[in-house]
Amino acid sequence: MKIALVTGGTGKIGKEIVLYLLKENYEVVVTFKDSKEKVKELKKKAGLLSENLIFFKCDLSNLKGIDKLLSQFKLKYSQLDLLINAAGIFIKNDFENTTEEEYDYVMNLNLKSNYFLAQKFSKIMTVDSVIINFSSVGGLIPWKGRSLYNLSKSGVIALTRSLALELAPKIRVISIAPGYIETESDKNDIEKMPLSKIPLRRYGKIDNIIKTIDFIIKNNFITGIVIPVDGGRSLI
Ligand SMILES: NC(=O)c1ccc[n+]([C@@H]2O[C@H](COP(=O)([O-])OP(=O)(O)OC[C@H]3O[C@@H](n4cnc5c(N)ncnc54)[C@H](OP(=O)(O)O)[C@@H]3O)[C@@H](O)[C@H]2O)c1
């Protein structure tokens, strides 16, 4: 059985990725920060497949948390076939008053964690394994009021390209840049991106992300690219 590690696997997108991977016969290791309720919910949704699901609580915004995760992981597994970095924070910041603390937290979680997770876990990754890093439309075009988020997600794209070179030919590294992906909980989101800004005039569905992941895993001649899944949002 193949082993996958999904950081942020309790998130809106993360949890659906976990359910997809279980159906694809992966044993899935999920990390989360606080949300025990979401862990329970995910186990329930996985049903009988939850026997192939294991959770680690960790803060990935610092190296201590990443090292702890690696040691816990190694107690149970000796290899990793797929790493999906979906943990992240989508946050506004007021440029004029941004503090060093805010800057560090966003960069550490959204970008630095991807760097060090790749550095540490690549050592136990198998030949032909894959790393998928979650960027965002914000990493392709800047959104006003979200400079830290934009910067961190642009960094994820640059990092993906560097890692693809560093880790070839053993590991492929690819980034997904989602646009607005609509979930049940977003139905009443008042800050929803206006449809007029999306050339395809609709929001993305989780299934659009899952199909992209499926394509990345199964197409072993691509590496070092970013795939926008955004209805054309990054074109304008
Ligand atoms: N949803 C979208 O429309 C969209 C669009 C563009 C890009 N993205 C990117 O896609 C990825 C997945 O998005 P999502 O919507 O699933 O995110 P989400 O619902 O906000 O979930 C975030 C995940 O990250 C975990 N997390 C938060 N802080 C952490 C920390 N310090 N250490 C470790 N884990 C931490 C959370 O754990 P807890 O549940 O315990 O807090 C949760 O599992 C993110 O990188 C996001 O930026 C999403």
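Q: A residue is near a molecule or strand if its C-beta atom, placed from the backbone, lies within 6 Å of it. Which residues are the closest to the ligand here?
A: Gly 8, Gly 11, Ile 13, Gly 88 and Ser 136 are the closest, and 27 residues surround the ligand. This is a predicted model: local features need pLDDT of at least 70, side-chain atom pairs need 80 or more, and totals for chains, interfaces and linings use all residues. Numbering starts from 1 along each chain as its sequence is written.

Q: How does that shell divide?
A: Into 13 nonpolar, 9 polar and 5 charged residues. (Ala, Val, Leu, Ile, Met, Phe, Trp, Tyr, Cys and Pro are nonpolar; Asp, Glu, Lys and Arg are charged; the others, Gly among them, are polar.)

Q: New topic. How many helices and strands?
A: The protein has 6 helices and 9 strands. (These are DSSP runs: H or I of at least four residues, E of at least two.)

Q: What is its radius of gyration?
A: It is 17 Å, close to the 18 Å from the globule rule for 236 residues, so the protein is as compact as a globular protein of that length. (The radius is over C-alpha atoms; the rule is 2.2 Å times the number of residues to the power 0.38.)

Q: And what box do the C-alpha atoms fill?
A: Roughly 45 × 35 × 35 Å, along the principal axes.

Q: At what angle do H1 and H2 cross?
A: Roughly 30 degrees. H1 (residues 14-23) and H2 (residues 36-46) have axes that come within 11 Å. (Axes are lines fitted to C-alpha atoms over the stretch in contact; angles run from 0 to 180 degrees between N-to-C directions.)

Q: Which residues make the contact?
A: Lys 15, Val 18, Leu 19 and Leu 22 of H1, with Leu 42, Lys 45 and Ala 46 of H2. (Contact puts C-beta atoms, placed from the backbone, within 7 Å.) By class, 5 are nonpolar, none polar and 2 charged.

Key:
Contact = placed C-beta atoms within 7 Å.
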